[in-house]
Amino acid sequence: MYRPSLKLSDYRVEFQGQIESKSLGWVFRAADPDNYYAMKLTLVSSGFPQKVALVKSMILHGRETELGRIPLTLPVTSDTVFNVRVDVRGPHFNTFIQGQAADTWTNDQLKTGGVGFLNERSERGKIKSVRFHI
């Protein structure tokens with residue numbers, strides 16, 4: 001978790017990362033380990049060309065609810081570096097992948113919380129750079 005972001009409500013995070021195994025994940029509005037929004041770029045096919053989906057979830061009181069899965073039509077290889085931007089403003093969240101709008105959604109259950117990165121047991125993403133804007 002990026003500690004200076006823990007009490008904030010509105011911000012933008014931009015980062016570059018790669019999928020090393022299965023997915024590249026991040027969190028925002030993370031109030032604590034049991035309450036946050038999560039998104040990840042997940043490999044949905046390992047053939048050629050590889051395909052990814054943007055998966056969004058909410059973890060509330062330790063229970064995960066998947067809120068959507070958006071297939072992305074991006075050229076993806078095993079060494080693709082993803083440029084990700086997430087704008088968090090009030091209840092509105094806008095996500096851009098490779099400079100293109102990928103998803104917009106609204107949810108007002110979590111009002112404040114920080115930014116961080118997430119890997120589940122068999123998943124691994126590699127973060128190359130991060131920029132945070134208030």
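These legends describe close-up views of a predicted model.

**Figure 1. Confidence across the predicted model.** The protein averages a pLDDT of 93. A score of at least 70 is reached by 100% of the residues. Among the elements, strand 7 has the highest mean pLDDT, at 98. Strand 10 (residues 124-133) has the lowest, at 92.

**Figure 2. Phe28 and Trp105 form an aromatic pair.** The structure holds nine aromatic pairs. In this one, the ring centres of Phe28 and Trp105 lie 6.1 Å apart. Their planes meet at 70 degrees, so the pair is edge-to-face. Phe28 belongs to strand 2 (residues 23-32) and Trp105 to strand 8 (residues 100-106). The pair therefore ties together parts that are 77 residues apart in sequence. Both Phe28 and Trp105 are buried.

**Figure 3. Phe93 also pairs with Trp105.** The ring centres of Phe93 and Trp105 are 4.9 Å apart. With planes at 65 degrees, this pair is edge-to-face. Phe93 sits in strand 7 (residues 92-97) and Trp105 in strand 8, so the contact ties together parts that are twelve residues apart in sequence. Phe93 has 0% relative accessibility and counts as buried. Trp105 is buried as well, with a relative accessible area of 7%.

**Figure 4. Four aromatic residues make a cluster.** Ring pairs link Phe28, Tyr37, Phe93 and Trp105. Trp105 pairs with Phe28 and with Phe93.

**Figure 5. Arg85 places its charge over Phe96.** The charged end of Arg85 sits over the ring of Phe96. The distance to the ring centre is 4.0 Å.

**Figure 6. The largest pocket has a mainly nonpolar lining**. The space in this pocket is about 220 Å³. Its lining consists of Met1, Leu6, Val27, Ala30, Ala31, Asp32, Pro33, Tyr36, Phe117 and Leu118. Nine of these residues are nonpolar, none is polar and one is charged. Strand 2 and strand 9 (114-118) each supply at least two lining residues. Strand 2 gives the most, with four.

Figure 7. Strand 1 (11-21), strand 6 (82-89) and strand 10 each supply at least two residues.

Technical notes. Residues numbered from 1 in each chain as written. Predicted model: local features only at pLDDT ≥ 70, side-chain atom pairs only at ≥ 80, totals over all residues. Heavy atoms only, no water. Phe/Tyr/Trp six-rings, centres within 6.5 Å; stacked < 30°, edge-to-face > 60°. Buried < 20%, exposed > 50% of the residue type's maximum accessible area, 1.4 Å probe, protein only. Lys NZ or Arg CZ within 6 Å of the ring centre and 35° of its normal. pLDDT = per-residue confidence, 0-100. 1 Å grid on protein atoms, 1.4 Å probe; cavity = no way out; pocket = protein on both sides within 12 Å on 5 of 7 lines; lining within 4 Å. Points joined across faces, edges and corners; volume = space filled by probe spheres on them. Nonpolar A, V, L, I, M, F, W, Y, C, P; charged D, E, K, R; others polar.
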